[in-house]
Amino acid sequence: MEYRRIFLTGDPHEEFAHLHEKQKTMHMTGEDLLIILGDVGVNCYNDDRDIRLKEDLARLSPTVLCLHGNHERRPTSPDIRWEYEPVPWQGGKAYVESRFPTLIFAEEGERYRIGGRTFRVIGGAYSIDNYFRTLMGHPFYPDEQLSPEERDQIRRRMERDGWQEDVILTHTCPYSVRPVEKFVPGIEQGGVDTSMEDFLEEILRKTSFRQWFCGHWHVEKTVGKIRFLSHEVVLLEP
């Protein structure tokens, strides 16, 4: 399918009211694609709450491409993977649940071709609030970050493609552009696992790209060719 327009936004964390409002003001239709850069919030509970959230998200007119964040299960996680079918999508592989065919979940490290451009997708990040979430009875996902083996596989894919991309889509960001103003007070940074940011820093150094979009940090800002998105919804320019 060819999409008329491509929109991007950051982490909604189960809150989709602003997306429904943006759909109206930005005149989104079924010919458009909306990319959510992780922490969508629809694969968190593994019960009826997930279904209700997916129903809400699927009421949006555009097709929705979801990256994997750190506060949700992957579609390949053992306890929900039976719900998702791997399907060919835009020149790569993605995952779709039959009940919600307009909600597309990206394969880690996949390269999609959309509207004549390549999009490299890399999800995952470290949760600094793991202790608090566990204390409060919230779920923790041990595969929230990419494994060393997964990172190596992505390196091989990108080397095969000549380290050339039009658009890079990630959940977190390269190490050198971390928004330090968003560091949580009281968290000892020496204990934070930055392996994903280190990996993306390597990608940043090696790859020639036009645009890079990321979420995770709950900030709206641009650093060079890297744009951080939170609740803002932006139109990808042709």
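**Exercise 1.** In which sense do strands β10 and β12 pair, parallel or antiparallel, and over how many bridges? Then place the pair in its sheet.

*Solution.* The structure is a predicted model.
- Step 1: β10 covers residues 211-214 and β12 covers residues 226-228. The two strands run in the parallel sense, paired over three bridges.
- Step 2: Within this pairing, F213 stands opposite R227 of β12.
- Step 3: The sheet is open and has six strands, in the order β7-β8-β9-β10-β12-β11, with mixed pairing.
- Step 4: β7 (111-114) and β11 (221-223) are at the edges; each has a single partner strand, so one side of each lacks a neighbour in the sheet. From one strand to the next, the twist averages 20 degrees.

**Exercise 2.** Determine whether T170 is buried or exposed, and list what T170 touches.

*Solution.*
- Step 1: T170 belongs to strand β9, residues 167-170.
- Step 2: Its relative accessible area is 0%. The limit for buried is under 20%, so T170 is buried.
- Step 3: Leaving aside residues up to four places away in sequence, T170 touches L37, L67, I122, L200, W212, F213, C214 and G215.
- Step 4: With W212 there is also a polar contact of 2.9 Å between the side chains.

**Exercise 3.** Classify the ring pairs Y84–F105 and F183–W217 by geometry, and state how accessible each residue is.

*Solution.*
- Step 1: The whole structure holds five aromatic pairs.
- Step 2: For Y84 and F105 the distance is 5.1 Å centre to centre, with 75 degrees between the planes. Planes over 60 degrees apart count as edge-to-face, and this pair is edge-to-face.
- Step 3: Y84 lies in the loop between β3 (63-66) and β4 (85-89), while F105 is in strand β6 (residues 100-106), so the pair ties together parts 21 residues apart in sequence. Y84 is buried at 6% relative accessibility, and F105 is buried at 7%.
- Step 4: The ring centres of F183 and W217 are 6.0 Å apart and the planes are at 35 degrees, so this pair is tilted. F183 is in the loop between β9 and α5 (195-206) and W217 in the loop between β10 and β11, 34 residues apart.
- Step 5: F183 is partly exposed, at 22% relative accessibility, whereas W217 is buried, at 15%.

**Exercise 4.** Which charged ends sit over the rings of Y175 and F209?

*Solution.*
- Step 1: Over the ring of Y175 sits the charged end of R178, 3.6 Å from the ring centre.
- Step 2: Over the ring of F209 sits the charged end of K225, 4.4 Å from the ring centre.

Methods:
Residues numbered from 1 in each chain as written. Predicted model: local features only at pLDDT ≥ 70, side-chain atom pairs only at ≥ 80, totals over all residues. Heavy atoms only, no water. Pairing = 2+ DSSP bridges. Helix = DSSP H or I, 4+ residues; strand = E, 2+ residues; numbered from the N terminus. Axes fitted to C-alpha atoms, helices over the stretch in contact; angles between N-to-C directions. Buried < 20%, exposed > 50% of the residue type's maximum accessible area, 1.4 Å probe, protein only. Polar contact = N/O pair within 3.5 Å; in protein donor to acceptor, adjacent residues only side chain to side chain. Contact = heavy atoms within 4.5 Å. Phe/Tyr/Trp six-rings, centres within 6.5 Å; stacked < 30°, edge-to-face > 60°. Lys NZ or Arg CZ within 6 Å of the ring centre and 35° of its normal.
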